Amino acid sequence: NGVMTLAGPNGEHYMLVALLYNAGTINLANGNLLINYCGYNNGALFNAAGALLNFQHDASIDISSNQFGLCDPPFNNSGTIRKSGGTGTSYFYAPLNNSGTVDVQTGTISFNGGGDLKGTLQSEGTGSLVLATNIYNSNLIPLVLDANLTSTNAFLQGAYLEGTGTISGVLTWNSGGFGEGLGTPTVGTNGVLVLAGVNGTDYPLSLTLY
């Protein structure tokens, strides 16, 4: 039944250098959460089943610049990650290992750190999801999509997708591609995949798409 609210000034970073296990509610009201996992730091965030991580504005989950490509901070979600406030973008620069639910009610959540996305990815109303370029090494490092993607406003925008996920909503493919031969993603019965890139540019499909 615990509640922790991050309410610092917007644009400031608040550092997590040890494991934080959330079984209740974490509200990001103002400021960005920075997970530091390098050197002597052991920052990690585990959102347990039944727990809520609630973005109440356009906050981001950031990492220290010296971590890029060196030590990926653990960020595991078995509960719910929700964006309930802000009309801009909340960025995930930490790799997300998701087995729960990501729910975007307003604004945008952009995955920029890679990870393994299982569970459910959904958006409501004007909310949107962006599967973006992986900042760690190159955009050829895949984002594993094993989730049920039910968003009607989802965008493949630089990521290279692998996995066995199902597109049950609408995924607009602007850039990036599908995999390096691993996984069999599915466009479901009611799913729509829209290739909407630049004319004359090739978009790679390097695995089996059902």
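Predicted model: local features only at pLDDT ≥ 70, side-chain atom pairs only at ≥ 80, totals over all residues.
Let me start with the contacts of Ser128, where contact means heavy atoms within 4.5 Å: leaving aside residues up to four places away in sequence, Ser128 touches Val104, Gly107, Thr108, Ile109, Ser123, Asn153 and Phe155. Ser128 lies in strand β17, residues 128–132, a strand being a DSSP run of E with at least two residues, numbered from the N terminus. Ser128 has a relative accessible area of 8% and is therefore buried, a word that stands for under 20%, with exposed over 50% and partly exposed in between, using a 1.4 Å probe and protein chains only.

Residues are numbered from 1 along each chain as its sequence is written, and side-chain values use heavy atoms, with hydrogens and water left out.

Turning to the sheet, nine strands form an open, parallel arrangement in the order β1-β4-β7-β10-β13-β16-β19-β21-β23, where two strands pair if DSSP finds at least two bridges between them. At the edges stand β1 (3–7) and β23 (186–187), each with a single partner strand, so one side of each has no neighbour in the sheet.

Finally, the aromatic rings: the whole structure holds six aromatic pairs, counted for rings of Phe, Tyr and Trp (its six-membered ring) with centres within 6.5 Å, planes under 30 degrees apart being stacked, over 60 edge-to-face and the rest tilted. Phe75 and Phe92 are stacked, because their centres are 5.7 Å apart and their planes at 20°.

Methods:
Helix = DSSP H or I, 4+ residues; strand = E, 2+ residues; numbered from the N terminus.
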